[in-house]
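I opened this model to look at a chain contact, a core, a fold and a hairpin. My entries follow in that order.

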Amino acid sequence: MNAPAPPANLLQASELRLAHGGTTIIENLALTLPPGRVTAIVGPNGCGKSTLLAGLARLHAPGGGAVLLDGTDVQRLPTREMARRLALLPQEAGAPEGLTVGDLVRFGRQPHQGWLRQWSSDDRRAVDEALSAAGLEALAERPLESLSGGQRQRAWIAMTIAQQTPLLLLDEPTSALDLGHQLEVFELVCRLATRGRTIAVVLHDLASACRYADYLVAMRDGAIIAQGPPAEVVTETLVAELYGVACTLIHDPASGAPLLTDLRRLS
Amino acid sequence: MNMESLERFTPWRSILAEARTAPAEDVLPPLGHWRLAVGDISLLVERRALWVGALLLLALLVVSLAYLALGTGRLTPPAVWWALVGHGDPVATFLVQELRLPRLVAAWLTGAAFAVAGCLMQTLARNRLATPSIIGIDNGATAFAVASVVGLGTSLAPPAMALVGAATAAAITFGLASGGDTRGYRFIVAGIGIGAVFGAVTQLLLAQVPIDSANAAYPWTVGTLNARSGGAILTLAGGCAVGLPLALVLARSLGNMRFSDAIAQGFGVPLRRRRIQVLSLAVVLTALAVAVAGPVGMVGLIGPEIARSLSSSRGVPLIASALAGALVMVLADLVGRLLLAPIELPVGIVTAIVGGPWLLWILLRPSRNPA
């Protein structure tokens, strides 16, 4: 008997149209997240990055086209199965008051638990691993409200890690963080990708996207205008097109990643 | 024969043997929990929830004993016991078994039903003000029940009418709050408006009918355990027997639904379906309780509030809410019976006198958990 092939967890959008109360935000979009890589989605405010991420995570029903997970329309997947395969950390994540870091991370195990399976050895292991991956072991019993912004963000990421999904979507996970905490989050994200997870991150900051992403998706007005490895797609023309900013492109002597200098607003 | 029976038991034996010899993997439970596990089945018991439940149960039993003992014709606790088991003197037995016990049971059931419905709605709306009484479900149930009591061309019994009224009020409120969005003030304000309309309908009905019919319907407008009908109590008992376990089945999803929608869905909660289930359950429990006691919906606010202040914030305290609701109801009715004896104060008035200031306090106190 042939064993069924293990799911490749390939997430694709095809001819995707997403609308918000009558306004079309994304039209005819095609995208495949490269497996086991970090994909950064960048673009100016209001270009539809977050909408795309929510659409990929099945939070918005498409007005046309489809999001496919291994070829199956995600709208036809049960919510629970989807939750075992894809985790999303939205930009404004709200938790009930009074939870500790450990409580929050344990909630990530919900898709794997049930009435007769409330706390298995797998759950314990996943929570411990997630806490240690995010460097939060020492803070596990601290209330979320008592943490700094960076620590809290790491706690949320730890929650999605504990969910142990092969696909992980993060919406601006670093936007409220200072430089040190940003690096912490990016390094964590890259580590997760090297362990085989497919990750998509919506980012404000093109520089970090160039530095940490394997694959870059540049969006404007609800369409993808360029995609590929940052070193190949980021050009002075693209930056001008995306943000209306002129710049000089050099290469980071340390990493070889594209680096923008001499920024001026085009008018 | 012997062989056959042996064979029949073998699977069980091997399962037991396996359970004994399986590597005893000690899975450390999260802090503050006990883990009970057999094979692949594992349950987590939060210690605090257990203590809170035990405490509330004990308080409920003590207050219930006082409820059976106190009143016109005071009994000692041993006398209550003998009357309960049917070996007391006839007067005490009559007092306890015929008069006080049925009313006590009605108080338990209505209190638990109101409080669980309140807890469900508050969790659904992520707003502590969104109890069935405040968003007009009580008033809808009352208006329809009163219509049936004053004989307004319908043959449906009050419980059925209350159910129709509650469902109508809930449907209109949800419709006005534009569909699935149960969050924020639009929903609450729509509910308050609907509640006011149904309250006015009740008054209008009472003003239109002869004074005797209006008197018969009066208990419905204040909320009292004095006018309960046996049939309504049985219906409520049935509703609680099915509804409370159902609420517990929904508890896991409810815990997740306290997070924002995107996250709750990310935890695998089919939100739209769960919302309809939670709302329906809250409407049914409220309607059945209103059919017994009238609109004593304040318990739906006080019960969950007590439960939440005692419990941890890890889950939704449904069991504690049920116990606290029953406790409040028994206590309020006891006070109503004793305070101005021999005149009886309707339980709805007692809970309103306590609940009004309570509501103000919730609104005005420095918010620890903004809802």
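**Contact between the chains.** I began where the chains meet: 27 residues from chain B and 28 residues from chain A take part in the contact. I counted two residues as in contact if their C-beta atoms, placed from the backbone, lie within 7 Å. On the side of chain B that touches chain A, strand E2 (41–46) and helix H10 (261–266) of chain B are the elements that give two or more residues. Helices (H or I, at least four residues) and strands (E, at least two) are DSSP runs, numbered from the N terminus. I then sorted that side of chain B by class and got 14 nonpolar, eight polar and five charged residues. Here Ala, Val, Leu, Ile, Met, Phe, Trp, Tyr, Cys and Pro are nonpolar, Asp, Glu, Lys and Arg are charged, and the others, Gly among them, are polar.

**Source notes.** The model is predicted: local features need pLDDT of at least 70, side-chain atom pairs count only at pLDDT 80 or more, and totals for chains, interfaces and linings use all residues. Residues are numbered from 1 along each chain as its sequence is written, while chains are lettered from A and ligands numbered from 1 in the order in which they are written.

**Ala264(B).** I picked one residue in helix H10 of chain B, Ala264(B). Is Ala264(B) buried or exposed? Ala264(B) counts as buried because it has 23 C-beta neighbours inside 10 Å. The cut-offs are 20 or more other C-beta atoms within 10 Å for buried, 12 or fewer for exposed, and partly exposed in between. Leaving out residues up to four places away in sequence, Ala264(B) touches Asn256(B), Met257(B), Phe259(B), Val269(B) and Leu271(B). I also checked Leu254(B), 10 residues away along the chain: its C-alpha atom is 9.2 Å from that of Ala264(B).

**Core.** The largest nonpolar core has 182 residues. Such a core is a set of buried Ala, Val, Leu, Ile, Met, Phe, Trp, Tyr and Cys residues joined through C-beta atoms within 7 Å. Among the residues with the most contacts inside it are Ala158(A) and Ala166(B). I followed Ala166(B) beyond its neighbours within four places in sequence; its contacts include Ile137(B), Gly140(B) and Val283(B).

**Chain A.** I found nine helices and 12 strands in chain A. Its C-alpha trace spans about 60 × 45 × 40 Å along the principal axes. Buried residues are 43% of its 267 residues.

**Hairpin.** E11(A) and E12(A) form a hairpin with six residues between them. Gly256(A), in the turn, has a positive phi of about 85 degrees. Ile250(A) stands opposite Leu259(A) in E12(A).

Note on methods: Pairing = 2+ DSSP bridges.
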